[in-house]
Amino acid sequence: TKKRYCGLQVEAPGAKAHFLVKGLELKTRDQCDFVRTSLEKVVRALLSTRDKSRARRVLQNCVASVDACPLRELVLWRKYRGAGGYRTDRHDLANVVQALDARGNRTQARERVPYLVKVAPPGTPLYQRCWPATNNFPPEEIDRAFYVDKKFLPPLARILGPCGVDVFAWAKETSLRHPRRARPAAAAPSKGLITGHFMSDRCMHCQARVRGGAGPTR
């Protein structure tokens with residue numbers, strides 16, 4: 001089996017300990033910089049001090065900092081298998097590659113593709129939420145809660161679980177103190193009406209009604 005561990009290594013008596021990682025998400029190239037950096041901060045805090053309360057504070061600071069994290073630190077990577085390398089067309093890179101190829105990119109097999117995960121109504125499949133990490137990606141469209149709940153906390157739980165640490169409970173305390181405003185779910189189309197096929201007449205951010213493209217009005 002693949003070796004998976006981390007710790008502080010001392011190579012000689014009196015030498016300074018350095019952080020050693022093998023096979024964990026702290027070094028995975030597919031992870032974004034925010035996740036890798038946050039994982040290392042929390043694990044280092046626990047290993048160096050053996051103080052769970054300090055590790056909890058570090059974790060909560062990492063969770064709170066995601067709201068101000070720049071997009072470049074949230075970019076995920078995945079190797080593209082090629083058009084015939086997937087069983088279905090619902091893999092994470094489906095929309096990403098399609099959008100890139102539409103711009104003349106011509107993504108090749110085994111190429112590492114950068115992408116971001118955007119917000120969407122509840123129940124939307126993940127592959128429909130993955131989009132190319134381009135310069136014109138709107139920062140307000142990024143699903144920052146996804147990076148905490150799905151990318152940061154699960155691997156941290158696997159690492160610190162044997163130490164009796166409940167990282168999800170620690171993160172929940174942070175979310176209660178720093179609530180993130182949830183985007184309202186999209187309204188279902190009106191069946192039998194032509195208006196059901198039109199885009200919403202409300203601003204997607206503030207939900208104010210827009211008339212004639214002149215700006216939001218109440």
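Before the first stop, a word on axes: they are lines fitted to C-alpha atoms, for helices over the stretch in contact, and the angles between their N-to-C directions run from 0 to 180 degrees. Also keep in mind that what you have loaded is a predicted model.

**Stop 1: helix 1 and helix 4.** Select residues 33–49 and 144–160, which are helix 1 and helix 4. Their axes come within 10 Å and cross at roughly 35°, and the crossing is right-handed. Now show side chains. On the helix 1 side, the contact is made by Val 35, Ser 38, Leu 39, Val 42, Val 43 and Leu 46. Helix 4 brings Tyr 147, Lys 151, Phe 152, Pro 155, Leu 156, Ile 159 and Leu 160. Color by residue type and you get eleven nonpolar, one polar and one charged. As for the spacing you see along a helix, an α-helix has 3.6 residues a turn, so residues three or four places apart point the same way.

**Stop 2: helix 3.** Move to residues 94–102. Which residues of helix 3 are buried? They are Ala 94, Asn 95, Val 96, Val 97, Ala 99 and Leu 100. Then step just past helix 3 to Gly 104, where phi is positive, at about 90°.

**Stop 3: the cysteines.** Cys 32 counts as buried because its relative accessibility is 0%. Finish on Cys 62, which also counts as buried, at 5% relative accessibility.

Note on methods
Residues numbered from 1 in each chain as written. Predicted model: local features only at pLDDT ≥ 70, side-chain atom pairs only at ≥ 80, totals over all residues. Heavy atoms only, no water. Buried < 20%, exposed > 50% of the residue type's maximum accessible area, 1.4 Å probe, protein only. Helix = DSSP H or I, 4+ residues; strand = E, 2+ residues; numbered from the N terminus. Left-handed = near helix turned anticlockwise from the far one by under 90°. Contact = heavy atoms within 4.5 Å. Nonpolar A, V, L, I, M, F, W, Y, C, P; charged D, E, K, R; others polar.
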